[in-house]
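Visitor: I have a structure open and would like to go through it. Can you show it here first?

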There are 2 protein chains.
Amino acid sequence: MAKVIIIGGGFAGLNCAKHLANTEHDILLIDKTNHHLFQPLLYQVATAVLSPADIAVPIRDVFRNYPNVKVLMGDVKNIDKTNQKVILKSKKVFSFDYLVIATGAKHSYFGKNEWEPFAGGLKTISDALNIREKILIAFEKAERETDPKKRQKHLNFVVVGGGPTGVEMAGSIADIAYKNLIKDFRNFSSKEARIYLIEASDNILPMFDGELSTKARHYLAKFGVIVRTNERVLDITKQSVTTENDIIEADTIIWAAGNEASPLLKTLNTELDRQGRVLVKPDCSIKSHPNIFVIGDAAHFSINEIPLPGIAPVAIQQGKYVSKIIRKNKKIRPDFVYFDKGIMATIGKSKAIAQTGPFKLTGMIAWLAWSLIHLLYLIGYRTKVLVLIEWVISYIFNKKGPRLIY
Amino acid sequence: MAKVIIIGGGFAGLNCAKHLANTEHDILLIDKTNHHLFQPLLYQVATAVLSPADIAVPIRDVFRNYPNVKVLMGDVKNIDKTNQKVILKSKKVFSFDYLVIATGAKHSYFGKNEWEPFAGGLKTISDALNIREKILIAFEKAERETDPKKRQKHLNFVVVGGGPTGVEMAGSIADIAYKNLIKDFRNFSSKEARIYLIEASDNILPMFDGELSTKARHYLAKFGVIVRTNERVLDITKQSVTTENDIIEADTIIWAAGNEASPLLKTLNTELDRQGRVLVKPDCSIKSHPNIFVIGDAAHFSINEIPLPGIAPVAIQQGKYVSKIIRKNKKIRPDFVYFDKGIMATIGKSKAIAQTGPFKLTGMIAWLAWSLIHLLYLIGYRTKVLVLIEWVISYIFNKKGPRLIY
């Protein structure tokens, strides 16, 4: 019987714990919040398609029937490798035989942390609700404003970063402005909204095949999003974004440009990459400590010098892999092998791109595949049913339900 | 064509506006928030049964197809009766031919406003989410606490006020503690929770027939709620309630003891009752101003010296009644007649009481009637479907979905 501590209840931590439930080991799962969040759909909370509870489940609830799993809502302050202890901010100390660190990533402003209050990122439910409120209030302000120039500022939306989150946000804001709200206002037309997607490199969605990236860009343009590539952001203030070429005044600025790993990893005193991720060994453990694992977005796991991407399938597979090592107390460990099922991204209502090995999908078919896969991976029947209903309603009626300012 | 301003998008204001949509009149509906809230189910948001968006709809959405209705999110500062103007806090001024004031009620601390930060009431979505977070965090703290005395403080829940809201809250917290969370914790049993319902008068639910009130009390006791009547609250501090007989230490204190009308009504310079409600004439208008109406919880409408209760059916019927006067520009007006369909209250999972005229219902049957009626009165198919699904899931699996701390 081993004492196992898992830090983080995201895809990596939760899946590791699930595969250790109902064993003779003692599992302690620590998370800052009380829920597991299905992050791939978080942008839909930020854009009023879904409610937070549609994509989040209490972690306790997942383990209610497994007495060997204890769940603790708490904040880990540091890790003492040598004495095998985890110390919480509340000063509580827990000792472990095995430690699994799955603390994920947070958004990074590349040293410009002063931009954060003006351009929120999208990692937590609070982040999503803040963005939702900003978007909805911008339209309310536009309705109250009589000066056309000031009104345009309310109706400008700038998304910084052309990765999947940025693309999904921009497409979804275009849906709100050009489809959902079209009949809701009397003093202006919601078509006046301008949605900018700013990307520093020369294409959006760089992790995809070039052909697909171009297709995605084409979809975005068709939906009315102004996509600007090769344009670096130089400054962000309360209501403006300065790029190399332009100054855009906007109430709503959303940051989707970069990630960095949790600062907790620094307390490990082991080698980190530029994003603060731990360089792990082929068995996901850290140097000189075969009983400490780092998995998911917190880990830099290289295959041929290229790190695995920070996506759910990697986290889930690493979680399962580590659970097997711990369960059997393995000394000789086969390397972790990532089974790449492919990647996908969705653009607005009814378009997506997907690639798996040599196969590529685009358009409505890809969007249906995206929808189905995301439904299947949601945890629990309740969330599947609720999300399906919200999607069907928002698809058929062009309405977004949770459009609430409170 | 008349200019009509309606202040407040609750049951009264919304129903008045709905019956003036698609007429030749110019309607301006002003509300502080952007949504109509189905307040009878708000306690279920506070107790993690429903998500906010299950019981709230954007007001704009209700009127999207009626170009004669403008919706404005704004805060009214005062009303100028003589010049027929409404002045917003933003200093904007709107003039009216008819004014309908439907600003509802807020909780009242009977002059003890210093209690508010410690004992939140339940009127808005934010109120409900604050209470939900308090309840959920209390259980998380109990799991972390090793000192039994301190733990009991986390596990004490005090609801002040034995009206429908207080009874529904107490019953629903009992559900959480004694049914939903029973398998979720490892360091204590959620059965250790103690839920107090404190009422100053000699019975809970005094608006019901005595037999039914007693039945409700019996149900509460069966569910484990400690009901104390004839016990006045003398003081509330951050974590304690002092009554005439006892001092109860508790993290979670909920205020459901009193209401007062919106302070805006004072700017009308007309006669108010002790709760700050406007004494209205038999046509719901105010003295000397037949073009200004006050309806719903903001109004004191007497029948034989007894004011109508502050419940949704009164508000809905008054809203419709006033819309008819305005629509036809009636000079000779029949008195408003309240059609009393009865009253009902629910207690925990599967019990309720209801009375309509001489008929009384209790138990499961009353609870089914309560559920059905509340579903039917929810606005829109989307909310009906979502609420039904959440109810069925929470009934069958004894789980509450939106148990989120963020």
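Predicted model: local features only at pLDDT ≥ 70, side-chain atom pairs only at ≥ 80, totals over all residues.

Guide: Residues are numbered from 1 along each chain as its sequence is written, and chains are lettered from A and ligands numbered from 1 in the order in which they are written.

Visitor: How many helices and strands does chain A have?


Guide: Chain A has 10 helices and 28 strands. Helices (H or I, at least four residues) and strands (E, at least two) are DSSP runs, numbered from the N terminus.

Visitor: And how compact is chain A?

Guide: Its radius of gyration, taken over C-alpha atoms, is 22 Å. The globule rule (2.2 Å times the number of residues to the power 0.38) gives close to that, 22 Å for 406 residues, so chain A is as compact as a globular protein of that length. The C-alpha trace spans about 70 × 50 × 45 Å along its principal axes.

Visitor: What share of the residues is buried?

Guide: In chain A, 49% of the 406 residues count as buried. A residue is buried if 20 or more other C-beta atoms lie within 10 Å of its own, exposed if 12 or fewer, and partly exposed in between, with C-beta atoms placed from the backbone.

Visitor: What about domains, where are they?

Guide: Domain 1 of chain A takes in 3-32 + 74-107 + 259-327, and domain 2 is 113-257. These bounds come from an automatic or database domain assignment. The centres of the two domains, taken over C-alpha atoms, are 34 Å apart.

Visitor: Switching to sheets. What is the order of the open sheet of three strands?

Guide: The order is 6-7-8 in chain A, with antiparallel pairing. Strand 6 (76-80) and strand 8 (93-95) are the edge strands, each pairing on one side only. Two strands pair if DSSP finds at least two bridges between them.

Visitor: How many bridges are there between strand 6 and strand 7?

Guide: Four bridges, with strand 7 covering residues 85-88 of chain A. A:Val76 has A:Leu88 in strand 7 as its bridge partner.

Visitor: Where is A:Ser90, then?

Guide: A:Ser90 is in the loop between strand 7 and strand 8 of chain A. A:Ser90 is exposed, with 10 other C-beta atoms within 10 Å.

Visitor: Is strand 5 of chain A enclosed or exposed?

Guide: Strand 5 is largely enclosed by the rest of the structure, because four of its five residues are buried. Strand 5 runs parallel to strand 2 (residues 26-31) of chain A, and five bridges join them. A:Lys70 in strand 5 is the bridge partner of A:Leu28.
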